[in-house]
Amino acid sequence: MSEIISAAVLLILIMDPLGNLPLFLAILRSLPPERRRKVLLRELCISLGVMLLFLFAGEQILNILSLQQEAVSIAGGIILFLIALRMIFPGEGSLTGLPEGEEPLIVPMAVPLIAGPSILAALLLLAHQHPQQMGKLTLSLLAAWSINCVILMFYEGLHRLLGEKVLTALERLMGMLL
């Protein structure tokens with residue numbers, strides 16, 4: 001049970017739902033209010049499918065690409081470090097990459113905001129290091145994804161409740177933890 005909780009906490013930190021709140025607000029703001037939840041739910045389901053694919057096909061993906069676990073570990077560590085730096089010291093520029101009013105499909109919400117390179121690398125590594133514990137890893141991923149869903153489905157209320165400064169502080173704190 002402690003392995004499941006430990007892996008779920010790691011995956012939640014990597015997914016960074018609180019850090020993604022301002023991005024989701026910016027992306028969904030231009031959509032009609034009745035479409036926002038549907039689009040968000042669709043993107044969350046797509047991201048879960050991508051993450052499960054990487055969890056279960058992780059070993060095969062490593063073999064097809066002729067990568068060793070150490071190379072992926074180093075690359076994943078670098079990605080996590082860069083994500084953490086971006087969270088602590090956010091840059092300027094376009095947040096979404098979408099034209100105003102366009103409904104997102106897969107990019108940028110499902111991939112890379114929810115199922116980004118760091119979570120996919122972590123899932124590849126977990127699957128490679130613990131192939132005998134795929135059930136526990138699946139439960140960890142589902143738990144982390146569920147918490148991510150709850151936070152993101154109530155993004156407007158959380159944004160109003162916490163405010164921009166608290167969300168920024170939480171994002172930077174999560175970046176330091178990561």
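Leaving aside neighbours within four places in sequence, which residues is Asn20 in contact with?

**View 1. Asn20 and its contacts.** Once those sequence neighbours are set aside, Asn20 touches Met15 and Leu113 (contact means heavy atoms within 4.5 Å). Asn20 sits in helix α2, residues 17-28 (helices are DSSP runs of H or I, at least four residues, and strands are E runs of at least two, numbered from the N terminus). Asn20 is buried, at 3% relative accessible area (buried is under 20%, exposed over 50%, partly exposed in between, with a 1.4 Å probe and protein chains only).

This is a predicted model, where local features need pLDDT of at least 70, side-chain atom pairs count only at pLDDT 80 or more, and totals for chains, interfaces and linings use all residues. Numbering runs from 1 along each chain as its sequence is written, and side-chain values use heavy atoms, with hydrogens and water left out.

View 2. Just past α1, Asp16 has a positive phi of about 55°. Asp16 is in the loop between α1 and α2 and is buried, at 3%.

View 3. Most residues other than glycine have a negative phi, and most peptide bonds are trans. Ile106, in the α5-α6 loop, has phi near 70° and is partly exposed at 37%. Val107 to Pro108 is a cis bond, omega near 5°. Val111 and Pro112 are also joined by a cis bond, omega about 15°, with Pro112 in α6.
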